[in-house]
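Biologist: I have a model open and would like to walk through it. Can you put it up on your side?

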Amino acid sequence: GLTPDEILARAIALPDGQDKLDLFLLIHKDFPQSERADDALFLAAQVSLDKWSDRAQASRYLHTLLTEYPESELAGDARYMMDNLENPNFVAPKSIEDLRR
């Protein structure tokens, strides 16, 4: 009986990437109309990149966010991430200078 906000908070606090991902996807699946569903997809993409450098999986989550929630406040950030997924400095920057390029 947890709310999407409570599930999101728990997911963020978890140390294990797969556990985080599972809870983010649970929010999207079980609460697609909640204000947290787009957040959960965005965070799922970030976990996919941060934990496994899985660009394909991150791209799927970002595409879903943009398709299902085109008016999301995260849409611009999601488009930016998708546009830069093939840039190795974006996924695994060595320095802040790499990110600025």
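Biologist: Where is H28 found?
Modeller: H28 is found in helix α2. Keep in mind that this is a predicted model.

Biologist: Is H28 buried or exposed?
Modeller: H28 counts as buried, because its relative accessibility is 18% and the cut-off for buried is under 20%.

Biologist: What does the side chain of H28 make a polar contact with?
Modeller: The partner is the side chain of E68, at 2.7 Å.

Biologist: And which residues does H28 touch, not counting those up to four places away in sequence?
Modeller: H28 touches A37, A40 and L41, and also T64, E68 and Y69.

Biologist: Which residues of α2 are buried?
Modeller: In α2 the buried residues are G17, K20, L21, F24, I27 and H28. Viewed down the axis of α2, they fall within an arc of 120°, so they line one face of the helix.

Biologist: What covers the buried residues of α2?
Modeller: The cover includes α1 (4–13), α3 (37–52) and α4 (55–68).

Biologist: What happens at the start of α2?
Modeller: A side-chain oxygen of D16 comes to within 3.2 Å of the backbone nitrogen of Q18 there.

Biologist: Now A44. Where does A44 lie, and what is its relative accessible area?
Modeller: A44 lies in helix α3. Its relative accessible area is 0%, so A44 is buried.

Biologist: Which residues is A44 in contact with, leaving aside neighbours within four places in sequence?
Modeller: A44 is in contact with L21, F24, L25 and Y61. L21 and F24 are among the buried residues of α2, and Y61 is one of the buried residues of α4.

Biologist: What separates the C-alpha atoms of A44 and K20?
Modeller: They are 7.8 Å apart, while the two residues are 24 residues apart along the chain.

Biologist: Moving on to α4. What do its buried residues pack against?
Modeller: The buried residues of α4 pack against α2, α3 and α5. They are Q57, A58, Y61, L62, L65 and L66. Helix α4 has 14 residues and spans 20 Å from its first C-alpha to its last, close to the 20 Å expected at 1.5 Å a residue.

Biologist: What about the start of α4?
Modeller: At the start of α4, a side-chain oxygen of D54 reaches to within 3.3 Å of the backbone nitrogen of A56.

Biologist: And S53, where is that found?
Modeller: S53 is in the loop between α3 and α4. Its phi is near 50°, a positive value in a residue other than glycine. S53 counts as partly exposed, at 42% relative accessibility.

Biologist: At what angle do α4 and α5 pack?
Modeller: The angle between α4 and helix α5 (residues 75–84) is about 145°, with the axes 10 Å apart. Their crossing is left-handed.

Biologist: Which residues meet there?
Modeller: From α4 there are S59, L62, H63, L65 and L66, which meet A75, A78, R79, M81 and M82 in α5. L62, L65 and L66 are among the buried residues of α4.

Biologist: Last one, the whole chain. How many helices and strands?
Modeller: The chain has 7 helices and 0 strands. Of its 101 residues, 39% count as buried. Among contacts with a separation of 6 or more, 44% are between residues 24 or more positions apart.

Technical notes:
Residues are numbered from 1 along each chain as its sequence is written. This is a predicted model: local features need pLDDT of at least 70, side-chain atom pairs count only at pLDDT 80 or more; totals for chains, interfaces and linings use all residues. Side-chain values use heavy atoms; hydrogens and water are left out. Buried means under 20% relative accessible area, exposed over 50%, partly exposed in between (1.4 Å probe, protein chains only). Helices (H or I, at least four residues) and strands (E, at least two) are DSSP runs, numbered from the N terminus. The arc is that of the directions from the helix axis to the C-beta atoms. Contact means heavy atoms within 4.5 Å. A polar contact is a pair of N or O atoms within 3.5 Å; within protein, one must be able to donate a hydrogen and the other to accept it, and residues adjacent in sequence count only if both atoms are side-chain atoms. Axes are lines fitted to C-alpha atoms, for helices over the stretch in contact, and angles run from 0 to 180 degrees between N-to-C directions. A crossing is left-handed if the near helix is turned anticlockwise from the far one by less than a right angle, and right-handed if clockwise. The expected span of a helix is 1.5 Å times one less than its number of residues.
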